[in-house]
Amino acid sequence: MDDTDCRVAAVRAVGPDTVAIDIETPADFSARPGQFVKLTFEVDGETEPRFYTISSPEVTETFEITVGIDPDGTVGPLLGELTAGDTVTVAGPFGSDYYEDESRAVVLAGGPGVGPAVGIAERALAEGNDAAIVYRDDEPVHEERLAALDDAGAFVRLLDADEDLTDATAAALEDGGQLFVYGFADFIDAATAAVEDAGGTTDDAKIENFG
C-alpha cells in the first residue's frame, strides 16, 4: 500500500513513555504480526518518515503499532499528541520476518521488540498454536498482555535490562519452534549469543534489527 491517509481509532498508554496506537485498516491493507509500516509526518516543511512494527495479532478492522515517545524528538511530540479521529499517513506493510502460522513461535524481544512479540504470540494462540516470549527491558510495556498470554498457556519470561538471556532462552527453546528475534543491534547480538550458548541455532531465525 502506498502512502494513504488513515484515521486513528484509539491511543492508549501501555507503559512508561509508550503508547499503543490503533489505526483504522484501509480496504487494500493486509499484514501479519511482525511486519512493519511507515508513517510519514511533515515537520517544519521537511518530510519525516518513521517505521513501526505491527503489534496487533490481526489487522481486520484496525491495526496497532506500539510507539515509544521521545518528548525531545522530531516526531515523538506529534505521536504523543495524537487522539482518536486524527489522521496519519501510512504505507506498507514491509518486512519478511513475520509470523506465518508456525505451530510454535519463540520470540526473543528487547525493548520495542515486545510489540511484535505480543502480536505474534496472541495470533499463534488464537490459531491453536503455541508461543514463547523472552522479553528484556528496564521499563517493560504491554505487561497486561504478557500476563494474559502467560495465563493462556504461553511461555513468558520478563527479564531486567542487565539480566543474562541464556537460561530463559534455553527454556523457551526446549520444545522447539520457529525463532524470532526483535530489537536493537545490541540486543540482537546478545540474543543470538544466548541461542548459541543454549545449544540452539539462528540459521533459520527471523530477525529484525531496529537499528
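A residue counts as buried when its relative accessible area is under 20%. In this predicted model, F36 has a relative accessibility of 17%, so F36 is buried.

**Pair F29 and F63**
- The ring centres of F29 and F63 are 4.7 Å apart and the planes meet at 25°, so this pair is stacked.
- F29 belongs to the loop between β2 (18-24) and β3 (36-43), while F63 is in strand β5 (residues 62-68), so the pair ties together parts that are 34 residues apart in sequence.
- Both F29 and F63 are buried.

**Pair F36 and F94**
- For F36 and F94 the centres lie 5.8 Å apart with the planes at 35°, so the pair is tilted.
- F36 sits in strand β3 and F94 in strand β6 (residues 87-94), so the contact ties together parts that are 58 residues apart in sequence.
- F94 has 32% relative accessibility and therefore counts as partly exposed, whereas F36 is buried at 17%.
- F36 and F94 also belong to a cluster with F51, linked by ring pairs.

**Charges over rings**
- R157 places its charged end over the ring of F155, at 4.1 Å from the ring centre.
- K206 has its charged end over the ring of Y98, at 5.9 Å from the centre of that ring.

Methods: Residues numbered from 1 in each chain as written. Predicted model: local features only at pLDDT ≥ 70, side-chain atom pairs only at ≥ 80, totals over all residues. Heavy atoms only, no water. Phe/Tyr/Trp six-rings, centres within 6.5 Å; stacked < 30°, edge-to-face > 60°. Helix = DSSP H or I, 4+ residues; strand = E, 2+ residues; numbered from the N terminus. Buried < 20%, exposed > 50% of the residue type's maximum accessible area, 1.4 Å probe, protein only. Lys NZ or Arg CZ within 6 Å of the ring centre and 35° of its normal.
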